[in-house]
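Please examine the structure shown below. The paragraphs that follow lead through its salt bridges, its nonpolar cores, its aromatic pairs and some individual residues.

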Amino acid sequence: MSTRTEATVLPATTREIQLASRPHGRPVPANFRLAESPLPELQDGQVLVRNLYISVDPYMRGRMNDVKSYSAPFALDQALDGGAVGKVIASRAEGRAVGDTVVHGLGWREYAVVDAAATTVARTDLAPASAFLGALGMTGLTAYAGLLKVADFKPGDVVFVSGAAGAVGSLVGQIAKAMGASRVIGSAGSPEKVARLLELGFDAAFNYHDGPVAGQLAAAAGERGIDVYFDNVGGEHLEAALSVLTVGGRVAMCGAIAQYNATEPTPAPRNLMLAIGKQLTLKGFLVGGYWQHMAEFVEAMSGWLADGTVRYDETVVDGLENAPQAFMDLLEGANTGKMLVRL
């Protein structure tokens with residue numbers, strides 16, 4: 001099979017971000033290293049991609065620890081990986097042409113040699129390329145599947161979303177409204193983010209720095225309580241939600257960002273016994289178990305984006321060398337919507 005290329009001279013090396021050491025608690029710049037590595041020769045069935053955007057996501061913090069988990073830990077002195085979208089600049093694969101925009105899993109670097117089977121063509125006629133790392137990508141599917149398939153959302157439900165100004169949370173709230181939620185409540189970490197949630201159609205929102213979450217959530221939920229809690233935060237937020245969930249309430253446990261940098265064991269909710277009397281369902285999930293819903297999700301989300309039912313925010317940092325700082329800022333809540341690094 002012949003190689004099709006965008007240019008006569010292809011890069012032989014790539015700049016990449018490597019894990020220099022494992023963080024203890026909050027990551028620091030010294031945990032990362034900007035390096036240059038040779039690119040492997042393109043084989044049949046592979047494409048060479050010039051990355052346009054890479055994604056930094058909270059789950060990556062767990063992979064920086066050398067512990068057994070649902071995803072293998074990052075290797076020391078090797079490039080990190082994660083979601084990326086880029087242009088194919090050389091192809092030795094049927095079905096992937098030079099110039100195609102593709103989504104793949106070898107982020108944290110400028111160029112990547114990828115098996116074509118591990119790429120997905122981004123429909124840039126539907127949305128800009130960056131959206132396929134966010135609203136039309138894994139982030140959006142996480143929100144959609146978590147709300148509808150995990151939390152078993154039903155029209156008329158009252159929904160509470162923590163971390164609601166983040167990439168996933170902001171979509172959860174808007175999807176819930178689009179699907180007929182009677183009320184959607186969000187928590188966020190600044191007055192600006194609270195204001196943005198109200199612009200996006202949330203019925204109520206509060207700043208968790210303004211006081212105990214339990215009191216603020218109870219005030220927002222009123223006597224009606226909440227039927228669904230989409231948990232991105234854990235800790236105090238989960239405890240507060242348990243106190244106002246209705247009988248038969250459901251919790252989709254997506255993340256626990258409040259605990260990702262913890263160096264000591266974190267306490268469980270002190271009121272977990274409420275789950276018995278209220279007959280609650282608390283279900284953790286990973287988006288990888290819900291890929292079968294991707295086509296259904298893309299169809300729905302494409303329509304919502306086209307008619308303005310759903311809007312999405314991006315926080316874009318320029319330059320591969322700034323990816324570690326973007327990631328550290330993400331863990332501190334500096335982003336509104338999806339945190340991306342533009343190359």
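The side chains of Lys 338 and Asp 57 meet in a salt bridge, with 2.6 Å from N to O. A salt bridge here is a side-chain nitrogen of Lys or Arg within 4 Å of a carboxyl oxygen of Asp or Glu. This pair links distant parts of the chain: Lys 338 is in strand S16 (residues 338–342), and Asp 57 is in the loop between S4 and helix H1 (60–63), 281 residues apart. Helices (H or I, at least four residues) and strands (E, at least two) are DSSP runs, numbered from the N terminus. Both Lys 338 and Asp 57 are buried. Buried means under 20% relative accessible area, exposed over 50%, and partly exposed in between, with a 1.4 Å probe and protein chains only.

The model is predicted, and local features need pLDDT of at least 70, side-chain atom pairs count only at pLDDT 80 or more, and totals for chains, interfaces and linings use all residues. Residues are numbered from 1 along each chain as its sequence is written, and side-chain values use heavy atoms, with hydrogens and water left out.

By the rule given above, the count of salt bridges comes to 17. Another of them joins the side chains of Arg 15 and Glu 110, at 3.0 Å from N to O. Arg 15 lies in strand S2 (residues 13–19) and Glu 110 in the loop between S6 and S7, so this pair ties together parts that are 95 residues apart in sequence. Arg 15 counts as partly exposed because its relative accessibility is 28%, and Glu 110 is partly exposed as well, with a relative accessible area of 21%. Arg 15, Glu 110 and Glu 321 are linked in a network of salt bridges.

Glu 239 is in helix H6 and Arg 270 in the loop between strand S13 (245–253) and helix H7 (274–277), 31 residues apart. At 18% relative accessibility Glu 239 counts as buried, whereas Arg 270, at 73%, counts as exposed. Leaving aside neighbours within four places in sequence, Glu 239 is in contact (heavy atoms within 4.5 Å) with Pro 269, Arg 270 and Asn 271.

The next topic is the interior. In soluble globular proteins, nonpolar side chains tend to be buried together. A nonpolar core is a set of buried Ala, Val, Leu, Ile, Met, Phe, Trp, Tyr and Cys residues joined through side-chain atoms within 4.5 Å. The largest core has 49 residues, of which Leu 147, Val 159 and Met 301 touch the most other members. Elements that each supply at least two residues of this core include helix H2 (138–150), strand S9 (158–161), S10 and helix H8 (294–307). The largest share, seven residues, comes from H2. A second, separate core of 20 residues includes Val 213, Ile 226, Tyr 229 and Leu 238.

Ile 185 belongs to strand S10 (residues 183–188). Its relative accessible area is 0%, so Ile 185 is buried. Beyond its neighbours within four places in sequence, Ile 185 is in contact with residues including Val 159, Phe 160 and Ile 226.

Aromatic rings form a further set of links. Rings of Phe, Tyr and Trp (its six-membered ring) pair if their centres lie within 6.5 Å; planes under 30 degrees apart count as stacked, over 60 as edge-to-face and the rest as tilted. By this rule the count comes to nine aromatic pairs. One of them, Tyr 144 with Phe 297, is tilted, at 5.6 Å centre to centre and 55 degrees between the planes. Tyr 144 lies in helix H2 and Phe 297 in helix H8, so the pair ties together parts that are 153 residues apart in sequence. The rings of Phe 160 and Tyr 229 have their centres 5.0 Å apart and their planes at 15 degrees, so this pair is stacked. Both Phe 160 and Tyr 229 are buried.

Finally, Phe 32, Trp 108 and Phe 327 form one aromatic cluster. Most residues other than glycine have a negative phi, and most peptide bonds are trans. Trp 108 has a positive phi of about 65 degrees although it is not a glycine. Trp 108 is found in the loop between strand S6 (101–104) and strand S7 (111–115), and counts as buried at 0% relative accessibility.
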